[in-house]
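Here are a few exercises to work through with the model open in your viewer. Try each task before you read its solution.

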Amino acid sequence: MANYSFTMKRTASATLDVGSILTAASNPRRFRLVDLILGAEGTPADNGFLWEVNKRTGLATGGTSVTGQPLEDGDTIASTLVGNQAPTANGAGSGNKLSIPLNQRNTFRWMARAGGAIVVPATASNGLGFSTPTSSAVAVTCCAHVEEL
Amino acid sequence: MLRNYKSGYGVISGPWGEIVEFDTFTCNHCQRIVRIIPKESNPDYGICMGCFELICPRCRGEWDKTNICKHFEKALEKEEKEYRAR
């Protein structure tokens with residue numbers, strides 16, 4: 001059981017995910033989302049954003065891979081988790097886990113207490129996508145901490 | 001009783017140092033994160049009488065209609081069982 005941090009960035013899109021964290025296609029293991037930070041680092045302006053966390057059941061197309069960084073130096077790089085950012089097509093799946101409207105100038109952080117983490121099943125390429133379905137085209141960042149189970 | 005079910009914490013930080021803090025719980029049926037409004041007398045979320053855990057407004061509506069507990073752990077196990085059977 002190790003904890004990893006995934007930081008995903010893109011120019012916000014109303015249709016495409018900022019990024020996603022999925023279980024590996026082979027030998028998947030459960031993981032849970034325990035901490036989430038959402039914000040925009042573009043030039044400050046008053047734009048409205050809706051942030052969503054959605055269930056994903058397939059790999060995204062395109063984009064770049066994101067390597068989960070272990071939060072403990074002694075842990076190895078995540079081998080059972082697959083991160084992606086700025087895809088050109090979202091992975092399959094729906095099922096909303098969180099919706100939060102924010103001003104571009106705001107930053108949101110959510111932390112799970114005991115029993116409140118979002119658990120993802122140990123099936124291939126299953127996970128969570130982070131999106132901005134209502135947004136302006138400015139740079140946004142999502143940092144998610146997950147615990148591999 | 002609700003105090004024991006606060007299973008998450010959210011904070012929104014503004015550009016001038018404003019901070020809005022609130023407690024959340026995670027629906028035990030669909031795992032949706034729900035904001036808890038303090039001292040709300042008639043919340044739209046509720047408790048499933050099958051698993052005795054907090055559920056979100058949407059799942060509460062479904063529970064009221066069907067009286068079937070769809071605890072997320074059961075759903076995860078079903079998904080994993082189907083995956084292993086492939």
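## Exercise 1: charges across the interface

A:Arg30 forms a salt bridge with B:Glu73, with 2.9 Å between the closest N and O atoms. The rule asks for a side-chain nitrogen of Lys or Arg within 4 Å of a carboxyl oxygen of Asp or Glu.

Before going on, some ground rules: this is a predicted model, where local features need pLDDT of at least 70 and side-chain atom pairs count only at pLDDT 80 or more, while totals for chains, interfaces and linings use all residues. Residues are numbered from 1 along each chain as its sequence is written, chains are lettered from A and ligands numbered from 1 in the order in which they are written, and side-chain values use heavy atoms, with hydrogens and water left out.

Task: work out how many salt bridges the rule finds across the interface of chain A and chain B.

Solution: 
- Step one: the rule finds 4 salt bridges across this interface.
- Step two: strands S8 (96-103), S9 (107-112) and S10 (118-120) of chain A each supply at least two residues of the side touching chain B. Strands here are DSSP runs (E, at least two residues), numbered from the N terminus.

## Exercise 2: size of the contact

Task: find how many residues each chain brings to the contact.

Solution: 
- Step one: with contact meaning heavy atoms within 4.5 Å, chain A gives 30 residues and chain B gives 25 residues.
- Step two: the two chains bury about 2300 Å² between them, 51% of it on carbon and sulfur atoms. That is the accessible area (1.4 Å probe) that two parts lose on being put together, summed over both.
- Step three: on the chain A side, A:Arg30, A:Lys97 and A:Arg113 lose the most area to chain B, together 24% of what that side buries.

## Exercise 3: a salt bridge inside chain A

Task: which parts of chain A does the pair A:Glu41 and A:Lys9 tie together?

Solution: 
- Step one: their side chains meet in a salt bridge (4.0 Å, N to O).
- Step two: A:Glu41 lies in the loop between S3 and strand S4 (48-56) and A:Lys9 in strand S1 (residues 3-11) of chain A, so the pair ties together parts 32 residues apart in sequence.

Conventions. Helix = DSSP H or I, 4+ residues; strand = E, 2+ residues; numbered from the N terminus.
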